[in-house]
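Hello,

Here is the structure I promised to pass on to you. Please have a look at it first, and then read my notes below.

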Amino acid sequence: MKKINWNDVQEANEFELLPAGGYECQILRVDDNEEKEYLELEFDICAGPQKDFFVNSCAGLDWWPGSTIKSYKQKALPFFKAMLTAVENSNDGFTANTFSDPSELINKKVGMVIGHEQYWNGNGQKRTRIRVASFRSLDKIRKGDFKIPELKINDYNKPEIDGFVDVTDTDDSDLPF
């Protein structure tokens, strides 16, 4: 291991989870994966009490939790168009029907409805992360015209214990015995 002056290294703080809700966001970076037909959008909150949430809480991390994937595969085009329409309704001069260059989205503002998702990480630990549930115009976010999604449970990678799935978090109140 290389020599490190530990006096110059600040300890990482526990990562704070953005509360579920509707937010005015700004798209900061766009990566186009043409082979798999999706855009990865990185964003931050641009107004309100959570403004600059990811800049403030993620400084020094080597990943950006304010990101989402938007597929433009044939079956996902209606959802992609809904995102473009929300961007159009939030930014003068942007037109969804003429969109062709993903870089056009950089610095655009848009409303995002953010929920939470429970998942199992690669170490078999249950974690919670944010997920963009939908895109809305800034106007709709400001008016509260959105529904906060329920917690999404993702059991992919859920560890098995001796060949059995762990059910300790299962609600058994409706069992007949």
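**What I found**

Residues 24 or more positions apart make up 56% of the chain's contacts with a separation of 6 or more, where a contact means heavy atoms within 4.5 Å. Before going further, please note that this is a predicted model, in which local features need pLDDT of at least 70 and side-chain atom pairs count only at pLDDT 80 or more, while totals for chains, interfaces and linings use all residues. Residues are numbered from 1 along each chain as its sequence is written, and side-chain values use heavy atoms, with hydrogens and water left out.

**The chain as a whole**

You will find three helices and eight strands in the chain; these are DSSP runs numbered from the N terminus, with H or I over at least four residues for helices and E over at least two for strands. Along the sequence, their order is β-β-α-β-α-β-β-α-β-β-β. Of the 177 residues, 29% count as buried; buried means under 20% relative accessible area, exposed means over 50%, and partly exposed lies in between (1.4 Å probe, protein chains only). The accessible surface of the chain is about 12,300 Å², and carbon and sulfur atoms own 46% of that. Such areas come from the Shrake-Rupley method with a 1.4 Å probe, and for residues only the protein chains shown count as cover.

**Strand 1 and its partners**

With strand 2 (residues 38–45) it pairs in the antiparallel sense over eight bridges, two strands being paired if DSSP finds at least two bridges between them. Here Ile27 stands opposite Phe43 of strand 2. The two strands form a hairpin with four residues between them, and Glu37 in the turn has a positive phi of about 60°. Strand 1 also pairs with strand 4 (residues 109–120), again in the antiparallel sense, over six bridges. In that pairing, Glu24 has Gly111 of strand 4 as its bridge partner.

**Salt bridges**

The structure holds six salt bridges, each a side-chain nitrogen of Lys or Arg within 4 Å of a carboxyl oxygen of Asp or Glu. One of them joins the side chains of Arg29 and Asp31 at 2.4 Å, N to O. Arg29 is partly exposed at 33% relative accessible area, and Asp31 is partly exposed at 34%. Together with Glu42, Arg29 and Asp31 are linked in a network of salt bridges.

Another salt bridge brings together the side chains of Glu117 and Arg129, at 3.1 Å from N to O. This pair links distant parts of the chain, with Glu117 in strand 4 and Arg129 in strand 5 (residues 126–136), 12 residues apart. Glu117 is buried at 8% relative accessible area, whereas Arg129 is partly exposed at 33%.

Lys143 forms a salt bridge with Asp139, their closest N and O atoms being 3.4 Å apart. Both residues lie in helix 3 (residues 138–143), four residues apart, which is about one turn of the helix. Lys143 is exposed at 66% relative accessibility, while Asp139 is partly exposed at 41%.

**A patch on the surface**

Finally, Met1, Ile4 and Trp6 make a nonpolar surface patch of about 410 Å². Patches are made of residues with over 30% relative accessible area and no salt bridge, like charges being joined within 9 Å and nonpolar side chains (Val, Leu, Ile, Met, Phe, Trp, Tyr) within 5 Å. Ile4 sits in the segment before strand 1 and is partly exposed, with a relative accessible area of 32%.

Best wishes
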